[in-house]
Amino acid sequence: MKVNKAGFFVSLVLTLACLIGAVVWLLIPSNCPLEVQGDITTSHKSGYIYVHGTLKNTTDKELEITYMEVVVTTANKKITIYDDERIVVPVLGVLDLTQENWGTQSYETPQRVSEINVTIDGVKYSVYGSNFSFGVVVLFVLAVVFGIVTVSTIKNNKKKQKVYDEITKIYPEFGGAATFSGLYGKEGERAKAIGKTVASSIGAFVSALFLGFGTYKIYGATKAVKLLVLDNGLYVVDAENPEETSFIEKGKFPDSVVSTNKNKVVLTNKATKENFIFNTDKKSLTPQELVDRLNEFISYVPEVQPETAQEVTPFEDFEDNSVKPSDTTAEVKSENNDSLENKLNSEDNKD
């Protein structure tokens with residue numbers, strides 16, 4: 001039996017997609033017609049923040065900027081300096097932010113310029129800093145998260161496969177089983193699970209009121225299982241703890257009913273209302289073949305082998321009470337010896 005690796009491949013693909021997306025975002029060259037020359041710096045004087053640096057027109061035509069904004073990061077917040085008046089930059093000319101007195105009144109201490117954005121002919125361009133934007137950060141964070149999930153999935157899959165291999169050594173017939181992923185549950189457990197979850201949430205809330213923190217648990221009504229159908233019965237393997245395995249032998253199934261629902265087959269114990277849900281997508285047994293196999297397990301009655309009768313002789317009751325020939329002979333000899341001895345004694349007395 002092999003571990004399902006779908007979760008591993010999904011998390012791996014998501015990790016690579018986020019990582020590649022973030023790198024491409026950073027490496028794609030900007031198509032902005034303006035280019036930063038030198039360093040972009042800030043200064044603080046007389047309650048004003050000033051921006052210093054130059055932007056060059058790299059095209060062979062005059063550029064008309066209709067909107068421009070510069071984002072300055074301070075110790076406490078970000079401040080946006082903007083201008084919506086027309087700014088013309090000649091062919092191969094430069095825009096000197098220092099001479100244009102780009103600044104704003106603020107008592108915050110500037111740390112750096114984080115972004116410069118312009119709008120030219122109705123198109124917004126990122127001139128400086130925004131390539132490493134919030135979107136890139138999000139992609140890198142997601143790549144890390146999915147990477148951790150991938151590594152965790154690999155470890156769990158190795159652990160499960162090791163247990164499966166150990167089980168297969170004990171039960172070689174596992175290799176020929178029709179394997180289904182599924183769920184085990186019991187009627188009425190959903191309401192109990194909701195009740196437990198609500199109680200746990202209330203306990204966490206009360207704990208948070210008095211202790212400042214609280215934790216709660218979400219309870220589920222079903223358990224994920226692996227269901228292995230063989231010719232002689234059904235193995236039930238806990239999906240999270242594969243070492244916990246049970247076997248229901250053919251002919252020893254409780255009174256149950258089998259039903260189908262789209263791509264699922266449900267085996268329900270009539271007495272206890274316990275049920276097993278088989279997911280039958282792309283399996284070696286079709287839903288109808290699985291239904292037939294389970295019904296055979298339920299209805300099968302093992303043949304009873306007759307006990308071998310013990311041989312009894314007609315005179316068995318009398319054999320223990322009969323007298324053995326050797327005992328009879330001994331008694332006869334004893335009687336003859338006694339009579340002979342008495343006779344000799346009587347003759348001696350006469351003499």
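With which strand does β3 pair in the antiparallel sense over three bridges? The partner is strand β5 (residues 87-89). The model is a predicted one: local features need pLDDT of at least 70, side-chain atom pairs count only at pLDDT 80 or more, and totals for chains, interfaces and linings use all residues. Residues are numbered from 1 along each chain as its sequence is written, and side-chain values use heavy atoms, with hydrogens and water left out.

Strands are DSSP runs (E, at least two residues), numbered from the N terminus. Two strands pair if DSSP finds at least two bridges between them. Strands of a sheet pair through backbone hydrogen bonds, either parallel or antiparallel.

Strand β3 spans residues 63-74. Nine of its 12 residues are buried, that is, under 20% relative accessible area with a 1.4 Å probe, protein chains only. In the pairing with β5, L63 has V89 as its bridge partner. Strand β8 (residues 110-120) is joined to β3 by nine bridges, and the two run antiparallel. Here I65 stands opposite I120. Strand β4 (residues 78-83) also runs antiparallel to β3, through six bridges. T73 faces K78 of β4 as its opposite residue. A hairpin of three residues links β3 to β4.

V72 lies in strand β3. Its relative accessibility is 1%, so V72 counts as buried. Contact means heavy atoms within 4.5 Å. Leaving aside neighbours within four places in sequence, V72 is in contact with residues including T42, I49 and V51. K78, I79 and I81 are also among the contacts of V72, as are R112, V113 and S114. P110 is another contact of V72. The C-alpha atoms of V72 and P110 are 6.7 Å apart, while 38 residues separate the two along the chain.

A further sheet is open and has seven strands. Their order is β13-β12-β11-β10-β16-β15-β14, with antiparallel pairing. β13 (245-249) and β14 (256-261) stand at the edges with a single partner strand each, so one side of each lacks a neighbour in the sheet. Neighbouring strands of this sheet are turned by 25 degrees against each other on average, direction ignored. Y184 has F276 of β16 as its bridge partner.

Terms used. Helix = DSSP H or I, 4+ residues; strand = E, 2+ residues; numbered from the N terminus. Axes fitted to C-alpha atoms, helices over the stretch in contact; angles between N-to-C directions. Buried < 20%, exposed > 50% of the residue type's maximum accessible area, 1.4 Å probe, protein only.
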